[in-house]
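Here is my note on the model you sent, written as numbered points for someone new to reading structures. Please keep the structure open beside the text while going through them.

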Amino acid sequence: VGSSLFLKKAYGVGYQLTIAKKAEQEIIAETDAKEIEPEIDNKLKEIVMNNVAHAKLLSNVGTEISFQLPIGASENFIT
C-alpha cells in the first residue's frame, strides 16, 4: 500500500491518458464521418506521440482513445 506516485514508481506502470472524442452521430451531423474520423485519430496520435517520449497507444474504441505514458514523462506535464 502506498500513494499512487509510489506505486507507479515501484511497478513502473506510468500514467494512462484517455481522450473522449465526439460521438459518431455528432461527426455525421457536421460532415462525412468516414473521412474525418481517421484524420482525428491520426492527429491525436501525432500530438501525444510527438510530445511524450515512449507513449504507447493502448486502445482506440468508439469515442475514446487511450495512451500509456511513462512515469518519467510526468515532469513534462503542465499542471
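**Notes on the predicted model**

1. The largest nonpolar core is made of eight residues, namely L44, V48, V52, A55, I65, F67, L69 and A73. A nonpolar core here is a set of buried Ala, Val, Leu, Ile, Met, Phe, Trp, Tyr and Cys residues joined through side-chain atoms within 4.5 Å. Two or more residues of this core are given by each of the elements α3 (33-51) and β3, and the largest share, three residues, comes from β3. As background, nonpolar side chains tend to be buried together in soluble globular proteins.

2. Residues are numbered from 1 along each chain as its sequence is written, and side-chain values use heavy atoms, with hydrogens and water left out.

3. The protein contains three helices and three strands, and from the N terminus on its elements follow the order α-β-α-α-β-β. Helices (H or I, at least four residues) and strands (E, at least two) are DSSP runs, numbered from the N terminus. Of the 79 residues in the protein, 18% are buried, where buried means under 20% relative accessible area, exposed means over 50%, and partly exposed lies in between (1.4 Å probe, protein chains only).

4. Strand β1 is joined to β3 (residues 64-69) by six bridges; A20 has E64 in β3 as its bridge partner, and Q16 has Q68 in β3. Between β2 and β3, which also run antiparallel, there are five bridges, and S59 stands opposite S66 in β3. The hairpin of β2 and β3 has two residues between the strands, and G62 in this hairpin takes a positive phi near 60°.

5. H54, a residue other than glycine, has a positive phi near 70°. H54 lies in the loop between α3 and β2 and, with a relative accessible area of 69%, is exposed.

6. The count of salt bridges comes to two, a salt bridge being a side-chain nitrogen of Lys or Arg within 4 Å of a carboxyl oxygen of Asp or Glu. In one of them the side chains of K21 and D41 meet at 2.8 Å, N to O. K21 lies in the loop between β1 and α2 (24-30) and D41 in helix α3, so this pair ties together parts that are 20 residues apart in sequence. Both K21 and D41 are buried.

7. Another salt bridge joins the side chains of E46 and K43 at 3.7 Å, N to O. These two residues both lie in helix α3, three residues apart, which is about one turn of the helix. E46 counts as partly exposed at 41% relative accessibility, and K43 is partly exposed with a relative accessible area of 44%.

8. On the surface, F6, L7, Y11 and V13 form a nonpolar patch with about 440 Å² of accessible area together. Patches are made of residues with over 30% relative accessible area and no salt bridge, like charges being joined within 9 Å and nonpolar side chains (Val, Leu, Ile, Met, Phe, Trp, Tyr) within 5 Å. Accessible areas come from the Shrake-Rupley method with a 1.4 Å probe, and for residues only the protein chains shown count as cover. L7 lies in helix α1 (residues 4-11) and counts as partly exposed at 33% relative accessibility.

Methods. Predicted model: local features only at pLDDT ≥ 70, side-chain atom pairs only at ≥ 80, totals over all residues. Pairing = 2+ DSSP bridges.
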